[in-house]
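Let's take a friendly walk through this fold, one piece at a time. Have the sequence and the structure ready as you read.

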Amino acid sequence: MDDNFEEFVNKAAKPVLLDVYTSWCPPCKMLSPAIEKVAEDYADKIIVAKMDLDACPKTGDRFGVDRIPTVMLFRGGEVLGTFIGFKPEEDIKAWVDSLI
């Protein structure tokens, strides 16, 4: 994602929800099923992407990601909102609904 972030996020036809995680992070593992369900249920509204912070440190630095999981919602390259830590599926859906 460090190499193609601009192309992927800025040119996306829909808002992009980006889940920034690491493979060794327990809260990230807890959040993953909720993010996957949101991706399924909101496929017509948003694009959901995951980014391993260990593999993409430049993008993480660019957005000041210093805690994980961090979830950001973008539209046209602009950050609409961010949350850090675990949230249940319904809370994530309400958060997305409030921003799009």
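## Two parallel strands

Strand β1 (residues 16-21) and strand β2 (residues 47-52) run parallel, joined by six bridges. Here, strands pair if DSSP finds at least two bridges between them; helices (H or I, at least four residues) and strands (E, at least two) are DSSP runs, numbered from the N terminus. V16 faces I47 in β2. From β1 the chain passes through helix α2 (residues 26-41) to β2, a right-handed β-α-β crossover: with the strands pointing away from the viewer, the path from the first strand over the helix to the second runs clockwise.

This is a predicted model, where local features need pLDDT of at least 70 and side-chain atom pairs count only at pLDDT 80 or more, while totals for chains, interfaces and linings use all residues. Residues are numbered from 1 along each chain as its sequence is written, and side-chain values use heavy atoms, leaving out hydrogens and water.

## The whole sheet

The open sheet has four strands in the order β2-β1-β3-β4, with mixed pairing. Because β2 and β4 (78-84) stand at the edges with a single partner strand each, one side of each has no neighbour in the sheet. β1 also pairs with strand β3 (residues 70-75), in the antiparallel sense over five bridges, and L17 stands opposite L73 in β3.

## A helix with two faces

Which residues of helix α4 (residues 89-99) are buried? They are I92, K93, W95 and V96 (buried means under 20% relative accessible area, exposed over 50%, partly exposed in between, with a 1.4 Å probe and protein chains only). Seen down the axis of α4, these buried residues fall within an arc of 160°, so they line one face of the helix; the arc is that of the directions from the helix axis to the C-beta atoms. The face turned away from the buried side carries the exposed residues E90 and S98.
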